[in-house]
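This report covers one protein structure, shown below. Please have the sequence and the coordinates at hand while reading.

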Amino acid sequence: MMYIVEDTGIIIQSSDMDLSSDSDSSDWIIASQLAHLDYVHYERQKRVSKLIKKNKYKSSLNVGGRNKRVITPLYRQAYNYLQEHTYNEAQHKFNLSKSTLYRIKRQINDKKQPINTHQSYDSNRGDYNER
């Protein structure tokens, strides 16, 4: 029985108690400590079970779908349409929200920016200039 106690990592401190084999209180103390151990084990099992269920639920989300951050041909058409029209017009034509249109525009514009541009600080102007 003590191997089970050691495996769970719970320490039973009994140095200040008289736990002789003929003591009535020693049986009660050991029984209460084992009951506490059983409850702690139950709580751990419950926590692990909840984590497993949560992870299983998370893994089932968006199964078979595409990542919404991918620029699809429809998004590319909406971006091109947006170059000559307003957000409201593009929203109604492509049935997309304004936030999606903003995200599409930001994503495409970020991809067009050169990644390794050298910048220098012009102290006369107080801003950054590209070389």
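## Basis of the report

The model is predicted, so local features need pLDDT of at least 70 and side-chain atom pairs count only at pLDDT 80 or more, while totals for chains, interfaces and linings use all residues. Residues are numbered from 1 along each chain as its sequence is written, and side-chain values use heavy atoms, with hydrogens and water left out.

## Overall make-up

The protein has five helices and two strands, in the order α-α-α-α-α-β-β along the sequence. Helices (H or I, at least four residues) and strands (E, at least two) are DSSP runs, numbered from the N terminus.

Of its 131 residues, 18% count as buried, where buried means under 20% relative accessible area, exposed over 50% and partly exposed in between (1.4 Å probe, protein chains only). Contact means heavy atoms within 4.5 Å. Among contacts between residues at least 6 apart in sequence, 32% join residues at least 24 apart.

## Helix pairs

Two packed helices are described by the angle between their axes and the distance between the axes. Axes are lines fitted to C-alpha atoms, for helices over the stretch in contact, and angles run from 0 to 180 degrees between N-to-C directions. Angles under 35 degrees count as roughly parallel, over 145 as roughly antiparallel, 65 to 115 as roughly perpendicular and the rest as oblique. For residue classes, Ala, Val, Leu, Ile, Met, Phe, Trp, Tyr, Cys and Pro count as nonpolar, Asp, Glu, Lys and Arg as charged, and the others, Gly among them, as polar.

The axes of α3 and α4 come within 9 Å and cross at roughly 150°; the two helices are therefore roughly antiparallel. On the α3 side the contact is made by Leu74, Gln77, Ala78, Tyr81 and Leu82, and on the α4 side by Tyr87, Glu89, Ala90, Lys93 and Phe94. By class, these residues are seven nonpolar, one polar and two charged. For α3 and α5 the angle is about 90°, with the axes 10 Å apart, and this pair is therefore roughly perpendicular. The residues of the contact of α3 with α5 are seven nonpolar, two polar and four charged. The axes of α4 and α5 come within 9 Å and cross at roughly 105°, so α4 and α5 are also roughly perpendicular to each other. Their contact has four nonpolar, two polar and two charged residues.

## Nonpolar core

A nonpolar core is a set of buried Ala, Val, Leu, Ile, Met, Phe, Trp, Tyr and Cys residues joined through side-chain atoms within 4.5 Å. The largest one has twelve residues: Ile71, Tyr75, Ala78, Tyr79, Tyr81, Leu82, Ala90, Phe94, Leu96, Leu101, Ile104 and Ile108. Two or more of them come from each of α3 (73-82), α4 (87-94) and α5 (98-112), and α3 gives the most, with five residues.

Ile104 lies in helix α5 and is buried, with a relative accessible area of 1%. Apart from neighbours within four places in sequence, Ile104 contacts Ile71, Tyr75, Tyr79 and Leu96. Arg69 is 35 residues from Ile104 in sequence and 8.4 Å away in space, C-alpha to C-alpha.

With neighbours within four places again left aside, Phe94 is in contact with Leu74, Gln77, Ala78 and Tyr81.
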